[in-house]
Amino acid sequence: MSSSGKEEVAVMESYPMNGGDGTFSYNKNSNFQRVATNVARETINEVIAEKLDIKQFSPALTTFQIADLGCSVGPNTFLAVQNIIEAVRRKYESQGLSSQLPDFQVLFNDHASNDFNTLFASLPSDRPYYAAGVPGSFHGRLFPKASLHFVHSSYALQWLCKVPKELVDPNSPAFNRGRVHYTSAPREVSDAYTSQFAKDMVTFLHARGEEIASGGIMVLVMPGIANGIPYSRVPSGVMFDLLGFSLMDMAKEGIISEAQVDSFNLPVYAPSPDEMTALVESNGCFSIERMDLAAPGSKIDVSFGGHACMLHLRAGMEGIISKHFGSEIIDDLFDRFLGKTNEFSDRLNSAYRQGSQLVAILKRK
């Protein structure tokens with residue numbers, strides 16, 4: 001323990017989305033995540049109506065605390081918390097407790113490198129809640145013990161806290177030569193990713209178990225994959241393959257080196273429902289209220305084609321790619337990626353019909 005009484009945690013890698021409000025910003029190119037938020041909304045409403053025991057909190061509760069973990073820069077975080085607050089309000093009203101309705105405080109969390117300036121500048125002026133920012137990794141403690149009543153995280157938990165070291169070790173059977181992800185890679189590579197994700201979730205669930213009050217709800221929305229289905233059949237898997245193809249083309253032309261590609265791996269993982277269920281049960285702090293797999297891609301307008309796909313990936317991955325390869329290759333790389341989306345359009349379109357969003361809804365015991 002440190003002198004402040006807080007647990008010491010390791011400094012985790014951070015992978016901020018493109019900040020600001022420009023052409024390639026996350027703020028302008030997070031339509032897929034917005035659709036995902038809308039797909040999860042109905043499930044969240046149902047769980048709040050059926051499972052949130054507000055009488056366990058009332059009448060002593062004066063402030064209902066909501067945390068959004070991995071909030072990025074908006075606007076999707078605002079849509080999610082607004083929906084949660086409206087559902088909680090309806091719950092109070094349905095039980096005749098309108099007079100006991102607490103204040104709402106929303107705690108927006110992301111790494112310190114996140115563009116909090118854009119987030120705060122975008123806060124809705126008519127928001128029905130008090131807002132605060134909480135910088136730091138959610139793979140460790142962030143909040144006081146039993147202080148949270150509702151935790152939400154959408155499209156953040158797929159980021160590993162670090163790249164497994166064996167992926168870049170030429171002497172390891174998990175050396176990921178010529179690829180940037182475990183999509184289409186040998187079993188040893190995917191096993192390394194699986195192991196790291198499990199370690200990350202152990203620390204995440206332990207921290208949230210400390211921070212969420214008994215009866216509190218946690219909603220986790222992330223890329224997922226059906227039990228037994230290869231990752232190469234879901235949208236992000238296809239996109240990561242195409243990104244790897246584009247980088248290898250540049251290596252063959254001498255623009256970058258193959259060694260640079262071999263030493264680069266995207267720290268992103270999508271679990272199956274079975275994996276998540278086992279991790280939650282092993283933790284023991286939460287009951288599983290829902291563990292659903294949906295296909296948000298099937299609800300995306302047909303205009304979400306190759307160009308929108310490129311903007312979506314660039315908004316999320318430009319920072320980590322630039323850090324490794326240098327910013328000078330970015331325009332060329334994503335032009336090539338756009339060409340690949342046209343070349344492999346049938347594979348990409350087929351992937352969007354697969355169930356690739358996992359919604360885990362947990363209740364603190």
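Predicted model: local features only at pLDDT ≥ 70, side-chain atom pairs only at ≥ 80, totals over all residues.

A: With a relative accessible area of 5%, Ser72 is buried, because buried means under 20%. Ala146 also has a positive phi without being a glycine, near 55°, and this residue sits in the loop between β3 (130–135) and β4 (148–154). Ala146 has 43% relative accessibility and therefore counts as partly exposed.

Now for the wider setting. The protein has 10 helices and 7 strands, and buried residues make up 54% of its 365 residues.

The part I would zoom in on is the pair α8 and α9. Helix α8 (residues 306–325) packs with helix α9 (residues 330–343) at an angle of about 145°, and their axes are 10 Å apart. The crossing of α8 past α9 is right-handed. On the α8 side the contact includes Met310, Leu313, Ile321 and Ser322, and on the α9 side it includes Ile330, Leu333, Phe334 and Phe337. By type, the residues of this contact divide into 9 nonpolar, 4 polar and 3 charged.

Ser322, in helix α8, has a relative accessible area of 19% and so is buried. Leaving out residues up to four places away in sequence, Ser322 touches Ser327 and Ile330. Leu333 belongs to helix α9 and is at 0% relative accessibility, so it counts as buried. Beyond four places in sequence, Leu333 touches Leu243, Ser246, Leu247, Met250 and Ile321. Take Ser246 as an example: it is 87 residues from Leu333 in sequence, yet their C-alpha atoms are 6.5 Å apart in space. Ile321, with the same exclusion of residues up to four places away, touches Leu243, Phe264, Gly326, Ile330, Leu333 and Phe334.

Ile321 also leads us into the core. The largest nonpolar core has 73 residues, and Leu247 and Ile321 are those with the most contacts inside it. Helix α5 (residues 235–252) gives the largest share of this core, 9 residues. A second, separate core has 33 residues, among them Val47, Val106, Ile217 and Val221.

For another helix pair, look at α4 and α7. Helix α4 (residues 187–211) and helix α7 (residues 273–283) pack at about 40°, with 10 Å between their axes. That angle makes the two helices oblique to each other, and α4 passes α7 in a right-handed crossing. The contact draws on Thr194, Phe197, Ala198, Met201, Leu205 and His206 from α4, and on Glu275, Met276, Leu279, Val280 and Asn283 from α7. Sorted by type, these residues are 7 nonpolar, 3 polar and 1 charged.

Conventions
Residues numbered from 1 in each chain as written. Heavy atoms only, no water. Axes fitted to C-alpha atoms, helices over the stretch in contact; angles between N-to-C directions. Helix = DSSP H or I, 4+ residues; strand = E, 2+ residues; numbered from the N terminus. Parallel < 35°, antiparallel > 145°, perpendicular 65-115°, else oblique. Left-handed = near helix turned anticlockwise from the far one by under 90°. Contact = heavy atoms within 4.5 Å. Nonpolar A, V, L, I, M, F, W, Y, C, P; charged D, E, K, R; others polar. Core = buried A, V, L, I, M, F, W, Y, C linked by side-chain atoms within 4.5 Å. Buried < 20%, exposed > 50% of the residue type's maximum accessible area, 1.4 Å probe, protein only.
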